[in-house]
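Subject: Structure handover and findings

Hi,

Here is the structure we talked about. Please load it first, then read on.

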Amino acid sequence: MTSIINEQLARRLMVALDYPDDVSAREMIRKLEGIPCYMKVGMQLFYQAGPKFVEELKSLGYSVFLDLKMHDIPNTVKSGANSITKLGVDMFNVHAAGGSAMMSAAMQGVEEALVADPSLNRPWVIAVTQLTSTNQLTMNEEIGIPGSVEDAVIRYAKLTAAAGLDGVVASPLEAEGIKAACGADFLTVTPGIRPAGSAADDQSRTKTPGQAINGGCDYIVVGRPITAAADPRAAALQILAEMGNGQA
């Protein structure tokens, strides 16, 4: 029996292609064919397969989130953002911890690429607040940031908004607070999503797909619950069903 796919919800699901090579990634894409989800390309795959793989995903009609988490001096991030914009991705990210000057420089890199080639689409630029594997003990005692994780995330979200970026990466636990602080149109992209009854793995701050959608998350990022499943397509469809229940 063929499942009816809610395309609007599917476009809010980002599948993390966390693979060591493009051959493995293509196999997963084949299994998910017909589900119009976002594809997230992280460091491991991008460093192996390079820009050509991103171009391949775009040629197949997928939206692409290039997850390289740039964090460097402003001029270097500006140049990186310029190159990424020319690549044609739909979304990429920097680290909010790099500060407002660095984030503003990323936006300058984007704008300069668009001026040079008006045919390019403007990507959404978002900033990482705190990794979803980070708990309060790690943040306070190892990273050296005082206070609660939520307070730190909201502070970084406000800094990101002031720098002119489109949104942040945060855990689903902070999505409502971010919307309250930065506005309903400020994007929340949320890893740390685990279907009901599944293991948390190395994630510290998690919610189910339904809880995340209900809590105001714009996009949910899912890796191992789909890519490590015995039947990845069935797992993705189950996540879409849970997202739909959360939307109701």
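In which helix does glutamate 150 lie? Glutamate 150 sits in helix 8, residues 149–162. Helices here are DSSP runs of H or I with at least four residues, strands are runs of E with at least two, and both are numbered from the N terminus.

Some ground rules. This is a predicted model, in which local features need pLDDT of at least 70 and side-chain atom pairs count only at pLDDT 80 or more, while totals for chains, interfaces and linings use all residues. Residues are numbered from 1 along each chain as its sequence is written, and side-chain values use heavy atoms, with hydrogens and water left out.

Glutamate 150 and its surroundings

Glutamate 150 counts as partly exposed because its relative accessible area is 39%. The cut-offs are under 20% for buried, over 50% for exposed, and partly exposed in between, with a 1.4 Å probe and protein chains only. Leaving out residues up to four places away in sequence, glutamate 150 touches Glu174 and Gly177. Contact means heavy atoms within 4.5 Å. Isoleucine 239 is 89 residues from glutamate 150 along the chain, and their C-alpha atoms are separated by 26 Å.

Now its contact partner, glutamate 174. This residue is in the loop between strand 6 (167–169) and helix 9 (175–182). Glutamate 174 counts as buried because its relative accessibility is 3%. Its side chain makes a polar contact of 2.9 Å with the side chain of serine 171. A polar contact is a pair of N or O atoms within 3.5 Å; within protein, one must be able to donate a hydrogen and the other to accept it, and residues adjacent in sequence count only if both atoms are side-chain atoms.

Cores

The largest nonpolar core has 68 residues. Leu13, Leu17, Leu66, Phe92, Val94 and Ile220 touch the most other members. Helix 6 (residues 100–116) gives the most to this core, with seven residues. A second, separate core has twelve residues, including Ala16, Met91, Val189 and Val221. By nonpolar core I mean a set of buried Ala, Val, Leu, Ile, Met, Phe, Trp, Tyr and Cys residues joined through side-chain atoms within 4.5 Å.

Not counting residues up to four places away in sequence, Phe92 touches Phe65, Leu66, Met70, Ala81, Ile84, Thr85, Val110, Pro123, Trp124, Val125 and Ile126.

Helix 5 against helix 6

Helix 5 (residues 74–87) packs on helix 6 at an angle of about 35°, with the axes 7 Å apart. Axes are lines fitted to C-alpha atoms, for helices over the stretch in contact, and angles run from 0 to 180 degrees between N-to-C directions. From helix 5, the residues that meet helix 6 include Val77, Ala81 and Thr85. On the helix 6 side, Ala105, Gly109 and Val110 are among them. The residues of this contact divide into ten nonpolar, four polar and three charged.

Two lysines

Lysine 40 lies in strand 2 (residues 38–42). Lysine 40 is buried because its relative accessible area is 9%. A polar contact of 2.8 Å joins its side chain to that of aspartate 67. Beyond its neighbours within four places in sequence, lysine 40 is in contact with Val15, Ala16, Leu17, Asp18, Phe65, Asp67 and Val221.

Lysine 69 lies in strand 3 (residues 64–70). It counts as partly exposed because its relative accessibility is 23%. Its phi is near 50°, a positive value in a residue other than glycine. Most residues other than glycine have a negative phi.

Around helix 7

At the start of helix 7 (residues 136–143), a side-chain oxygen of asparagine 135 comes within 3.3 Å of the backbone nitrogen of leucine 137. Just after helix 7, glycine 144 takes a positive phi of about 90°.

Best wishes

Methods
Ala, Val, Leu, Ile, Met, Phe, Trp, Tyr, Cys and Pro count as nonpolar, Asp, Glu, Lys and Arg as charged, and the others, Gly among them, as polar.
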